[in-house]
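Please look over the chain shown here, first as a whole and then element by element.

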Amino acid sequence: MRKAVSEIWILGAAGRTGAAVAAQLASSSLVLVGRDAGRLQVLAGTLGPGARAVTADGLAAIAAALSRGNPAVVINTLGAFGETAPAVIRACKPGVHYLDLANDLPSVIGLLDMHDEAAAAGKSLLTGVGFGVLGTESVVLKLCEGRPPADRVRVDMVPALDMEDGMVGTALAATIVEVLAVGGREYANGRLIRTGLGKHPEHLMLPDGTSVLTACGPSGELEAAKRASGARFAVSASTLAPPAFARAILPVISSLVRIKAVRNFATRRIAAIRTKAAKRTREFTWAHAQ
């Protein structure tokens with residue numbers, strides 16, 4: 001009989017996001033997984049006696065460690081999630097619950113499409129944690145509650161900026177590259193079709209009186225809005241969509257980053273960029289359904 005456990009495994013715990021998650025869960029029994037043994041040991045030492053480190057260099061090693069271990073919950077902060085999520089989920093024993101930080105459209109669709117497989121194994125899968133995917137789903141479900149089925153839905157995101165002066169996280173860098181590789185997408189007559197990044201621009205007035213411009217981007221919010229509403233037509237937009245002057249070169253960039261070697265290089269370069277952004281304390285999501 002499998003021994004009852006309450007361990008929470010954090011994959012990529014030595015990274016900025018993984019370490020922040022670990023700090024929030026310091027009272028739990030944590031297993032910190034990553035490739036940098038030194039950083040993991042230092043982090044474990046700050047979290048109390050319940051934390052321990054597991055060194056695993058690469059996805060195959062992580063999957064092997066998971067198959068040998070007994071996690072109750074696995075938190076995956078390792079992008080690109082389209083590659084890491086299926087391997088991690090299938091390495092976990094039945095009954096293990098999983099969540100990740102994905103927000104690129106293929107990763108979100110891929111994980112949601114694993115529902116039947118996960119349910120048969122008693123696993124719960126949660127994606128888009130830390131991004132607006134879950135918030136978007138909740139807003140759209142509430143908007144559609146008690147109303148006739150929607151034919152069209154549009155969601156607009158104004159993400160909060162909360163980055164310290166430092167490097168862009170690897171998971172965020174991988175998500176940015178995946179968005180560029182996918183290009184624009186929207187739902188038309190129930191089918192996911194190609195469209196232009198930055199299409200469907202719209203000006204929004206924020207509660208603080210400032211105005212922002214949103215435009216089409218193929219984020220996980222698109223899939224969340226489509227599934228929550230059942231609408232035949234769905235668009236997701238964000239203030240992070242590329243400006244008009246950049247759209248002309250996006251097809252070239254999109255074609256290049258579909259090449260795996262270029263995609264990996266671009267992810268590393270973006271992750272090396274130093275950022276300094278003013279903090280904003282609020283994040284807004286608009287949804288329109290008709």
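The secondary structure of the chain comes to eleven helices and 15 strands, where helices (H or I, at least four residues) and strands (E, at least two) are DSSP runs numbered from the N terminus. This is a predicted model, in which local features need pLDDT of at least 70 and side-chain atom pairs count only at pLDDT 80 or more, while totals for chains, interfaces and linings use all residues. Residues are numbered from 1 along each chain as its sequence is written, and side-chain values use heavy atoms, with hydrogens and water left out.

Of the 290 residues of the chain, 44% count as buried; buried means under 20% relative accessible area, exposed over 50%, and partly exposed in between, with a 1.4 Å probe and protein chains only. Among contacts between residues at least 6 apart in sequence, 67% join residues at least 24 apart, a contact being heavy atoms within 4.5 Å.

Axes here are lines fitted to C-alpha atoms, for helices over the stretch in contact, and angles run from 0 to 180 degrees between N-to-C directions. H3 passes H4 in a right-handed crossing, a crossing being right-handed if the near helix is turned clockwise from the far one by less than a right angle, and left-handed if anticlockwise. From H3, Leu 59, Ala 63, Leu 66 and Ser 67 meet Glu 83, Thr 84, Ala 87, Val 88 and Ala 91 of H4. The residues of this contact divide into six nonpolar, two polar and one charged, where Ala, Val, Leu, Ile, Met, Phe, Trp, Tyr, Cys and Pro count as nonpolar, Asp, Glu, Lys and Arg as charged, and the others, Gly among them, as polar.

What does the largest nonpolar core contain? It has 20 residues, and those with the most contacts inside it are Trp 9, Leu 11, Val 33, Leu 66, Val 74, Val 88 and Tyr 98; such a core is a set of buried Ala, Val, Leu, Ile, Met, Phe, Trp, Tyr and Cys residues joined through side-chain atoms within 4.5 Å. The elements that give two or more residues to this core are strand S1 (8-11), strand S2 (30-34), H3 and H4. A second, separate core of 15 residues includes Val 140, Val 155, Tyr 187 and Leu 222.

Leu 66 lies in helix H3 and, at 0% relative accessibility, counts as buried. Not counting residues up to four places away in sequence, Leu 66 touches Trp 9, Leu 11, Pro 71, Val 74, Val 88, Ala 91, Cys 92 and Lys 93. With the same exclusion, Val 74 touches, among others, Trp 9, Leu 11, Leu 66, Val 88 and Tyr 98.

Helix H9 (residues 220-229) takes part in two further pairings. The axes of helix H5 (residues 105-112) and H9 come within 7 Å and cross at roughly 40°, and the two helices are therefore oblique to each other. This contact is made by Leu 105, Val 108, Ile 109 and Leu 112 of H5 and by Gly 220, Leu 222, Glu 223 and Arg 227 of H9. The axes of helix H7 (residues 133-144) and H9 come within 8 Å and cross at roughly 25°, which makes H7 roughly parallel to H9. The crossing of H7 and H9 is right-handed.

Asn 189, in the loop between strand S9 (184-188) and strand S10 (191-195), has a phi near 55°, a positive value in a residue other than glycine, and is exposed, with a relative accessible area of 51%. His 200 lies in the loop between S10 and strand S11 (202-205); its phi is also positive, at about 60°, although it is not a glycine, and at 27% relative accessibility His 200 counts as partly exposed.

Methods. Parallel < 35°, antiparallel > 145°, perpendicular 65-115°, else oblique.
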